[in-house]
Amino acid sequence: MNLEKLENILRAEPGFRLKQARRAIYIGLIDDWRQATNLSLVLRDNLNQDCPIGIEAEIFSSRDKNSVKALIHLADGLKIETVLLRHADGRNTVCVSSQVGCPLGCLFCATGKMGFKRNLTVNEIVEQVLFWARHLTKEKARVTNLVFMGMGEPFLNYANVMDAIKILNDKDGLKLGARHISISTIGVSGGLKKLAKEKMQLNLALSLHASNDELRAKIIPYNRANSLKNLIKDINYYLEQTSRRLMIEYLMIDGFNDSPEQARELAVLLKNIDPPLFFVNLIAYNPVSEFKPSPTQKIFAFKKMLRDQKIDVTERYSFGQDIKAACGQLAGKS
Ligand code: SF4
């Protein structure tokens, strides 16, 4: 799908045509212009020829059917992954990618291991959500939440991510509420400050995963360029500006970052966050490398230790491990 091309083609038509075409895409959720019956037959044929809107993808469903992964084939032959997560309460969360691969090479992450190919365009980001919106119409359901937790670091493709969000949030687009959209980052320098200045009430998740610089740099090489001291400064600025509650993500990796001492050290580190508008989300690690997930008792003890220090903690249930659709497992492979 190429929205710029669509605008160019419809420039010769009366002004309302573009609005009609957009409504057909975002509200009608058509996947072929022949379904846009409010447009003339000739125009529909031309659009199908010059601006097709079909999305080529392979679908993989988890055994419990709660996670579905799509491998989307991009026009230049590259592939990206996007995941649909069905929750018991009826929410349907779409996890989208922002880059093909990722240059930051975090050691726990399958995307990081594949290297960096390129940033995704605005259209390629929007298409991932459209793909699932169309898929869900078959079950008379809709996309309710969106998370940028797929392939890539969203702050390294900031402009395109924000433009895609604006299209998806627009009342003439998919009308996804900003409060239902989350961006997950490892805290690329400058990203939090830029986001703090946006007028939208988006959610932010910060992948911390360690209680000190040395430990963090072992799994997130980027930490050498942006220390925890700088990161906490940026977090404090973001919280002061937005007053929005931050989610701090912490992968529980066996024998690496899950000891009682590290829980205590983490609690001390987090006391530097001011205002203290945050909660910690512990995530059982989904193996893609030499690391192993922490056993349940260790996660429980870690959680208790943080709670004893008056820190809000939640634990994330992991979806879709059997189809490699869980966090950190996306690598553009079927
Ligand atoms: Fe990139 Fe995020 Fe994976 Fe790190 S965790 S390599 S930033 S996609």
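A residue counts as buried when its relative accessible area is under 20%. The legends below apply this cut-off to a predicted model.

**Figure 1. The protein chain as a whole.** The predicted model contains eleven helices and twelve strands. The radius of gyration of the protein chain is 21 Å, close to the 20 Å that the globule rule gives for 334 residues, so the chain is as compact as a globular protein of that length. The C-alpha trace spans about 70 × 40 × 35 Å along its principal axes. Buried residues make up 54% of the 334 in the protein chain. Where contacts join residues at least 6 apart in sequence, 66% of them link residues at least 24 apart. The accessible surface amounts to about 15200 Å², and carbon and sulfur atoms account for 51% of that surface.

**Figure 2. Strand β4 and its two partner strands.** Strand β4 covers residues 92-95. With strand β3 (residues 79-86), β4 pairs in the antiparallel sense over four bridges, and Val83 stands opposite Cys95 of β4. The two strands form a hairpin with five residues between them. In the turn of this hairpin, Gly90 has a positive phi of about 100°. With strand β7 (residues 145-148), β4 pairs in the parallel sense over three bridges. Here Val94 stands opposite Leu146 of β7.

**Figure 3. The side chains of strand β4, with Asn92 in detail.** In a regular strand the side chains alternate between the two faces of the sheet. In β4, Asn92 and Val94 point one way, whereas Thr93 and Cys95 point the other way. All four of these residues are buried. Asn92, which is found in strand β4, has a relative accessible area of 8% and is therefore buried. Beyond its neighbours within four places in sequence, Asn92 is in contact with residues including Leu84, Leu85, Arg86 and His87. Its contacts also include Leu136, Ala141, Arg142, Val143, Thr144 and Asn145.

**Figure 4. Ser182 in strand β8.** Ser182 lies in strand β8, which covers residues 181-185. Its relative accessibility is 15%, so Ser182 counts as buried. Residues up to four places away in sequence being set aside, Ser182 touches Leu146, Val147, Phe148 and Asn203. Among these, Leu146 belongs to β7.

**Figure 5. Leu174 in a loop.** Leu174 is placed in the loop between helix α6 (158-169) and strand β8 (181-185). With a relative accessibility of 18%, Leu174 counts as buried because this value is under 20%. Its C-alpha atom is separated by 8.8 Å from that of Val143, which is 31 residues away along the chain. Apart from neighbours within four places in sequence, Leu174 is in contact with Tyr26, Leu29, Val129, Leu130, Ala133, Ile167 and Leu168.

**Figure 6. The buried residues of helix α2.** Helix α2 covers residues 16-26. An α-helix has 3.6 residues a turn, so residues three or four places apart point the same way. The buried residues of α2 are Arg17, Leu18, Gln20, Ala21, Ala24, Ile25 and Tyr26. Their cover includes α1 (3-10), α3 (41-50), α5 (122-137) and α6. One of these buried residues, Tyr26, is also in contact with Leu174.

Key
Residues are numbered from 1 along each chain as its sequence is written. This is a predicted model: local features need pLDDT of at least 70, side-chain atom pairs count only at pLDDT 80 or more; totals for chains, interfaces and linings use all residues. Side-chain values use heavy atoms; hydrogens and water are left out. The radius of gyration is taken over C-alpha atoms; the globule rule is 2.2 Å times the number of residues to the power 0.38. Buried means under 20% relative accessible area, exposed over 50%, partly exposed in between (1.4 Å probe, protein chains only). Contact means heavy atoms within 4.5 Å. Accessible areas come from the Shrake-Rupley method with a 1.4 Å probe; for residues, only the protein chains shown count as cover. Two strands pair if DSSP finds at least two bridges between them.
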